[in-house]
Amino acid sequence: MEHGATIGYVSLNEEVTLDQLPVRGTIPAWLSGSLVRNGPAKFEVGTESFQHWFDGFAMLHRFSFERGRVSYANKFLQSDSYRQSMEQGHIVGASFGTDPCKAVFKPSMTEVVNANVSINHVAGAYVAMTEAPLPVVFDPRTLETLGVLEFDDRLTGHHGSAHPHHDANNHRTISYLTEFGMESQFKVFAIKEDRPEHTLIGSYPVTMPSYIHSFSISEQYVIIAEYPYRVNPMELLMRNRPFIENFKWYPEQGTQLIVMDKGDGSIVARFSTDAFFSFHHINAFERDGDVFVDLSAYPDASIVTNLYLEQLRHNRARVDSTSKSEFRRYRLPLSHAADAVTYEVLSRQGIELPTINYRRSNGRAYGVAYGVSVDKQRPEAVSNELVRADVNTRTTTIWSEQDCYPGEPILVESPDARAEDDGVVLSVVLNAHKGNSFLLVLDAHTFAETGRAEVPHHVPFGFHGWFFPDIGAGLDPNPFNVKE
Ligand SMILES: [Fe+2]
């Protein structure tokens, strides 16, 4: 394929259900459940095209595992903008970075948004999420879109996160909202584990809100990084511009790191450090009275403009994008507030779409992170290798293959796991040479391949997914006619 990775930004129009994918190698027999992934998959309607990668219409992909076999299904999320665009033959609806005439930032509390970023389990519902305040509920078995997750209350706000955190000890999910206005507010809230009800944990005023994609939690705290990628809220609300084009980079203001008490919402500390930008926090934990925050850091916010489709499709983004991300560990000196914030780089490789053993390690000291990265010797894509970073020994292990472009790795623990990396890592990899994708299974400890299952078509590059151990193939209860 002469176009290499750019096939990852080509629309996939077909919706299919495949009961059994051809497997090479071995898929562990214990691996049972479904990996559901989300990402943009359609970039044109009629003669019109989205301009930013983040705007493509969401498609859900499900890989289900049972006794060493793999099935696959995919479906477009039936958002209001998708349905109306299909009906009208042109692009309808608000967007992140596309057309100023269509993309005025007007969030509505009833619209089924184009939730193309992540998959999660919130308030007992399976949801697709983006940065609009309301998640979209889907059936993980059929991938049917069921509608907006309606909350009993009205916690107001315009812009949230596709990366809520599960605060397992307190049986709740934590996330945030920015409310833009004359007096903008940043609000941290909790959602009950079993029903859609918000509780405000804490809030603070912000004059020029920052573009924030994720945050982290530790045992006691919520940690927010406010990058100097800021917006005049009134301009955002009044002006007819794509959402992200209202934000400007103010490096002289530095990045603010805010530590909020998870219990009473009080601001425990606010630190300032040299400007950096990040989409993804990796983890946070407390040690000796200080807070440590690991994240995928960029020197500035140019990654956002590098992800316009025009840039990606001509590979112009390559050197400036993921290859510049650094796996940084920031120390927030709560115990000696007079100390400066410092950071260490934990991996020689950059890291993006980072994941950890979430259930076991989120909010605690941990040992291993996984992500995608760019081989600096061949910086020809947003990601062309998978990285396993041992954050204690500071060593990395890489998986890569010629013409292959992997997506976010997801760790699944084996049933008898003793260590955090006892299990496998799953990643959907685009093979640009063959023009299709495969589900790759790596041993989470050695990072050696155990097997792969091929999909007949290409899966456009996606963002985030979630593994649901309880969700089977949803077809026949015994789809492969395995004898009991
Ligand atoms: Fe993300």
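User: What share of the contacts in the protein chain with a separation of 6 or more comes from residues 24 or more positions apart?

Analyst: The model is predicted. A contact here means heavy atoms within 4.5 Å. Counting contacts with a separation of 6 or more, the share from residues 24 or more positions apart is 61%.

User: Which radius of gyration does the protein chain have, and why does it agree with a compact globule?

Analyst: The C-alpha trace spans about 65 × 55 × 45 Å along its principal axes. A compact globule of 484 residues would have a radius of gyration near 23 Å, so the value for the protein chain agrees, at 21 Å.

User: How many helices and strands does the protein chain have?

Analyst: Helices and strands are runs from DSSP. In the protein chain these are five helices and 36 strands.

User: Is His213 buried or exposed?

Analyst: His213 sits in the loop between strand 16 (198-206) and strand 17 (216-217). Beyond its neighbours within four places in sequence, its contacts include His163, His280 and His464. A residue under 20% relative accessible area counts as buried. His213 has 6% relative accessibility and therefore counts as buried.

User: Which residues does His280 touch, not counting residues up to four places away in sequence?

Analyst: His280 belongs to strand 23 (residues 277-287). With 6% relative accessibility, His280 counts as buried. The residues that His280 touches, leaving out those up to four places away in sequence, are His163, His213, Ser214, Leu295, Ser296, Glu352, Leu353, Pro354 and His464.

User: Is Leu143 buried or exposed?

Analyst: Leu143 is not a glycine, but it has a positive phi of about 65 degrees. It lies in the loop between strand 10 (136-138) and strand 11 (145-148). Its relative accessibility is 1%, so Leu143 counts as buried.

User: Is His171 buried or exposed?

Analyst: His171 also has a positive phi, of about 50 degrees, although it is not a glycine. Its place is the loop between strand 13 (165-167) and strand 14 (172-179). Exposed means over 50% relative accessible area. At 52% relative accessibility, His171 counts as exposed.

Key: Residues are numbered from 1 along each chain as its sequence is written. This is a predicted model: local features need pLDDT of at least 70, side-chain atom pairs count only at pLDDT 80 or more; totals for chains, interfaces and linings use all residues. Side-chain values use heavy atoms; hydrogens and water are left out. Helices (H or I, at least four residues) and strands (E, at least two) are DSSP runs, numbered from the N terminus. The radius of gyration is taken over C-alpha atoms; the globule rule is 2.2 Å times the number of residues to the power 0.38. Buried means under 20% relative accessible area, exposed over 50%, partly exposed in between (1.4 Å probe, protein chains only).
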